[in-house]
Amino acid sequence: MAAVLWDMDGTLIDSEPYWHESEYELARIHGGEWNERLAWSGSGTPVIEVARTMVAHGVALSPDEIVTRLVADVARREEARMPWIPGVRDVLESLVRSGIPSVLVTASPRAMAEHLVHPAPRGAFAGYICGEDSLPSKPDPAPYRAAAALLDVGHDDIVRCIAIEDSATGLQSAADSGATTIAQEGFTAKPSPDGPQFATINGYDGIDVATLDEYVRRRMANMSA
């Protein structure tokens, strides 16, 4: 295993409730209609796309204003309590001890990416790719290929990178990049049991460096068979 490439919401932190609560409040104050289906439809997509959907459903603000207010409100909630998914910090710490780098790959703005990377276990993240990096958005494979490139991992070797995702668009992005893609289905309302992932997990119980390395070895064995 060369590295682990992490999506943020639903894989590292369970922040979707924060985003949804902020969206509901904004819609209530500014005259829009919003519901659980619409909230989850924005999971794994850039915030600006969520904002445009909110405008289409009656929120009387510009998309840029919505983005600014949502990001500020979610950041405030995370400042009070970063909602780390149970067990994920243990996985990050075990990767650090083993010398395996991680890269964050998120559609969220730079401020949100940095807000997570800074309180993560020391030395866990070698860098991040965010929604402000002028790359095509997921499900395009560009974000994951850029993350591998940060570590000097070329296209032929990206199979040695584990990508952990929770959304359909993210899974497609990671799988199309060539990374060994793992679906984390423990913290999403939109599971993808028949998606393009190599394997599926539900939470982080029993997940460690050896487990992740075995996924890479199995994938490479399948490719050479």
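Two strands pair if DSSP finds at least two bridges between them. Helices (H or I, at least four residues) and strands (E, at least two) are DSSP runs, numbered from the N terminus. The legends below describe a predicted model, in which local features need pLDDT of at least 70 and side-chain atom pairs count only at pLDDT 80 or more, while totals for chains, interfaces and linings use all residues. Residues are numbered from 1 along each chain as its sequence is written, and side-chain values use heavy atoms, with hydrogens and water left out.

**View 1. The open sheet has 6 strands in the order 3-2-1-4-5-6.** The pairing in this sheet is parallel. Strand 3 and strand 6 (199-201) stand at the edges with a single partner strand each, so one side of each has no neighbour in the sheet. From one strand to the next, the twist averages 25°. Axes here are lines fitted to C-alpha atoms, for helices over the stretch in contact, and angles run from 0 to 180 degrees between N-to-C directions.

**View 2. Strand 2 (residues 102-105) pairs with strand 3 (residues 125-129) in the parallel sense over 4 bridges.** Phe125 in strand 3 is the bridge partner of Ser102. Strand 2 also pairs with strand 1 (residues 3-6), in the parallel sense over 3 bridges. There, Val103 of strand 2 is the bridge partner of Leu5. In a regular strand the side chains alternate between the two faces of the sheet. In strand 2, Ser102 and Leu104 point one way, Val103 and Val105 point the other way, and all are buried. Buried means under 20% relative accessible area, exposed over 50%, and partly exposed in between (1.4 Å probe, protein chains only).

**View 3. Strand 2, helix 6 (residues 110-117) and strand 3 make a right-handed β-α-β unit.** A crossover is right-handed if, with the strands pointing away from the viewer, the path from the first strand over the helix to the second runs clockwise. Helix 6 lies across strand 2 and strand 3 and runs at about 160° to strand 3.

**View 4. The axes of helix 1 (residues 16-29) and helix 3 (residues 47-56) come within 12 Å and cross at roughly 30°.** That makes helix 1 roughly parallel to helix 3 (angles under 35 degrees count as roughly parallel, over 145 as roughly antiparallel, 65 to 115 as roughly perpendicular and the rest as oblique). The contact (heavy atoms within 4.5 Å) is made by Trp19, Glu23, Leu26 and Ala27 of helix 1 and by Val47, Val50 and Met54 of helix 3.

**View 5. Helix 7 (residues 142-150) and helix 8 (168-177) pack at an angle of about 55°, with their axes 7 Å apart.** Helix 7 is therefore oblique to helix 8. In helix 7, Pro143, Tyr144 and Arg145 meet Gly170, Ser173, Ala174, Asp176 and Ser177 in helix 8. The buried residues of helix 7 include Ala142, Pro143 and Tyr144. These buried residues pack against strand 1, strand 2, strand 3, strand 4 and helix 8. Just after helix 7, Asp152 takes a positive phi of about 60°.
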